Amino acid sequence: MASPVNGSTPAPTPLSSPEIRPFDAAALERDLRGMWRTASPSHATVYRAALANLIVPLSPSDFERIGPVLIDVTRRHPARLFRVGQTESGTAGGGLRSYATALCHLRAGGGLICTEEIVLSWDDASGPLVPSAVASLLVGDLPAVLLELNQGLDPEWQEKLAGIADVRIIDSSLAPSAAEYPSLWGCRPGRAGGPLHDLAWARLAPWREILAETFDRPEAARAISSIQDVAIHHLGAEPPSGAWLLAGWLASRLGWTPRGLAGRHIRLDGPARPASVSFVEDEEDASGNRAAGGPASRAIVRVRIRSGAPAPLDVAVEHRGHAPTARVVLLAPRAKERDVPYAYRELAACIVGELHRHEPNRAFEEAARAAEKMIALWRKG
């Protein structure tokens, strides 16, 4: 199956072809038990696998974009998958409807590894019933993960799904503006006070690794305490959430405190000297050569860091698209360029990486708090 996000993903084998019908939790569980009882005689050896309950609310317009990604996620991290979607008409009758099936992938050693999928279809009248319907079908000894990837507005009752989740995974890069980022970073699941994960932060891993490695070198390490200017170049008219989080990460690591705005430069107090952070729309992007929609159209493409005396330094890291390498350009104290590996990860890999993370991410939390302060200053300007 070709994925618009992941490239080529092997097509799964459905274990059954059920019909959608009015929701009945007991009937769905019977369907699943019956499906597993009859699976082995008609298929190769079938392995039933689940490491989590994965709850994914999707609008009809999002399914084409996210459906192939979910297939890849369950191939890498089997789960009882709850695909929650609004009926095409939305306001039409029919109530809450559902069916259960399983998606199976070939196992390297033979046989099939299968993950259960429960599809819930709601209309305006039955939407508020979705959280209790999902709760009634959770596998009790597995963590519940709420994966929120909608590009449109979420229904009001969706927040109740967070109350039954142990982990909440969002993608702040899908929010239309910086005004919404702080509210996303501040949300938490209700059950057990579990951590929040942001896929925008996960995508920053290569940038953070390359910047850290760059300043591990003796020439750059001497300049850390005298950094005075950071410029983050990005696609899109507004700085994306990843740009804010990267600026927040630098501020939290370097002990900078946001204090004001000078033009479009955010001024920060540092332990040794003041510094500034600015966001620059990429010149090529500003000319109209933009990608179409989604996080890729609002990506970071260049980060330039400059320091003053006593250790002057001017260095930039550049990367575009899915290129396997980034370029580190040293402009001062001498000119030098080198290519370094850029560990690009597609969306499914980012999601699975966050599914494997069970503890709160202190680096992300500190970066988000610093970013929130900078956004507040930016909006006042």
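This report describes aromatic pairs, a helix and the nonpolar cores of a predicted model.

The model is predicted, with local features needing pLDDT of at least 70 and side-chain atom pairs counting only at pLDDT 80 or more, while totals for chains, interfaces and linings use all residues. Residues are numbered from 1 along each chain as its sequence is written, and side-chain values use heavy atoms, with hydrogens and water left out.

**Aromatic pairs**

The structure holds seven aromatic pairs, where rings of Phe, Tyr and Trp (its six-membered ring) pair if their centres lie within 6.5 Å, and planes under 30 degrees apart count as stacked, over 60 as edge-to-face and the rest as tilted. Two of the pairs are tabulated here.

| Pair | Centre to centre | Angle between planes | Class |
|---|---|---|---|
| Tyr-181 and Trp-185 | 5.7 Å | 35° | tilted |
| Phe-279 and Trp-378 | 5.6 Å | 85° | edge-to-face |

Tyr-181 and Trp-185 both belong to helix 5 (residues 181-186), four residues apart, or about one turn of the helix; helices (H or I, at least four residues) and strands (E, at least two) are DSSP runs, numbered from the N terminus. Tyr-181 counts as buried because its relative accessibility is 0%, and Trp-185 does so at 1%, since buried means under 20% relative accessible area, exposed over 50% and partly exposed in between (1.4 Å probe, protein chains only).

**Helix 9 and the cores**

Helix 9 (residues 241-254) reaches 20 Å from its first C-alpha to its last, close to the 20 Å expected at 1.5 Å a residue for its 14 residues, the expected span being 1.5 Å times one less than the number of residues. Of these 14 residues, 11 are buried, including Trp-244, Leu-246 and Trp-249. Just after helix 9, Gly-255 takes a positive phi of about 75°.

A nonpolar core is a set of buried Ala, Val, Leu, Ile, Met, Phe, Trp, Tyr and Cys residues joined through side-chain atoms within 4.5 Å. The largest such core has 54 residues, and those with the most contacts inside it are Trp-185, Val-230, Trp-244, Leu-246 and Phe-279; its largest share, nine residues, comes from helix 12. Leaving aside neighbours within four places in sequence, Phe-279 is in contact (heavy atoms within 4.5 Å) with residues including Ile-232, Ala-243, Trp-244 and Trp-378. A second, separate core of 29 residues includes Leu-32, Trp-36, Val-46 and Ile-164.
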